[in-house]
Amino acid sequence: MSSPYFSRGARARNEGSDHTLEHHYRVDIFYEAINYPKSVNEPFRSGDVIKLVEKFYPEDFNEQEKVVLKIQLQHYEIDVVQHADYKLLTSVSKLCQWLIKTRRIMNFHLIYRVASLVLTLPVSTATTEKSFSAMNLIKTKLQNKMEDEFLNDSLVLHFERELAEKISLETVVQDFKNAKDRRVPL
């Protein structure tokens, strides 16, 4: 999954790729699935929602909530899926807005939570990728033996560089002099 992804027909095989197979399956296809308008003729499949929760969000739902979610999905199929306004919705974000506007979020709060988690996945994926890109910049071949604590400190400085630029060297030296826990006095 970490090998470069080459789209068929769009690039020559010998050209470099800017992302991996894992990125393609987790991000590109996921975006396509979210942005693809749902077909009104396609039946709602509550089993797919349950599989999604069990596979990708096991930490976000306890066993009791999973049972309640199954019950909510049964009621959702009867109350929401048959509604005329529901058939006009074209995205997961529109569904979330509609659940709030119609106050159905009170009855279907776990379904709303699943939809919200699905909507945040691209953001969390992008943040993770940004972190790994920064780590590749900082941890080069020359600095490959870097300890985890020093790497973490360097990454914090990288991400918070506007804040770090405001700190003067004199301030750091003065804070070090004022620190009480020293083995050797200055």
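1. Leaving out residues up to four places away in sequence, R104 touches D79, V80, H83, W98 and L99, where contact means heavy atoms within 4.5 Å. R104 is placed in the loop between α4 and α5; helices here are DSSP runs (H or I, at least four residues), numbered from the N terminus. With 15% relative accessibility, R104 counts as buried, a term for under 20% relative accessible area, while exposed means over 50% and partly exposed lies in between (1.4 Å probe, protein chains only).

2. The model is predicted: local features need pLDDT of at least 70, side-chain atom pairs count only at pLDDT 80 or more, and totals for chains, interfaces and linings use all residues. Residues are numbered from 1 along each chain as its sequence is written, and side-chain values use heavy atoms, with hydrogens and water left out.

3. The axes of helix α2 (residues 46-56) and helix α3 (residues 63-79) come within 10 Å and cross at roughly 155°. Axes are lines fitted to C-alpha atoms, for helices over the stretch in contact, and angles run from 0 to 180 degrees between N-to-C directions. α2 is therefore roughly antiparallel to α3, the word used for angles over 145 degrees.

4. In this pair, S46, V49, I50, V53 and E54 of α2 meet K66, L69, K70, L73 and E77 of α3. The residues of this contact divide into five nonpolar, one polar and four charged. Ala, Val, Leu, Ile, Met, Phe, Trp, Tyr, Cys and Pro count as nonpolar, Asp, Glu, Lys and Arg as charged, and the others, Gly among them, as polar.

5. The largest nonpolar core has 21 residues, of which F61, L69, Y76, Y86, L95, W98 and V114 touch the most other members. Such a core is a set of buried Ala, Val, Leu, Ile, Met, Phe, Trp, Tyr and Cys residues joined through side-chain atoms within 4.5 Å. Its largest share, five residues, comes from α5. Neighbours within four places in sequence aside, V114 is in contact with V49, L52, V53, F61 and L69.

6. K130 lies in helix α5 and is exposed, with a relative accessible area of 55%. K130 and F159 are 29 residues apart in sequence, and their C-alpha atoms are 9.8 Å apart in space.

7. K139 lies in the loop between α5 and α6 (148-159) and, at 27% relative accessibility, counts as partly exposed.

Notes
Helices (H or I, at least four residues) and strands (E, at least two) are DSSP runs, numbered from the N terminus. Angles under 35 degrees count as roughly parallel, over 145 as roughly antiparallel, 65 to 115 as roughly perpendicular and the rest as oblique.
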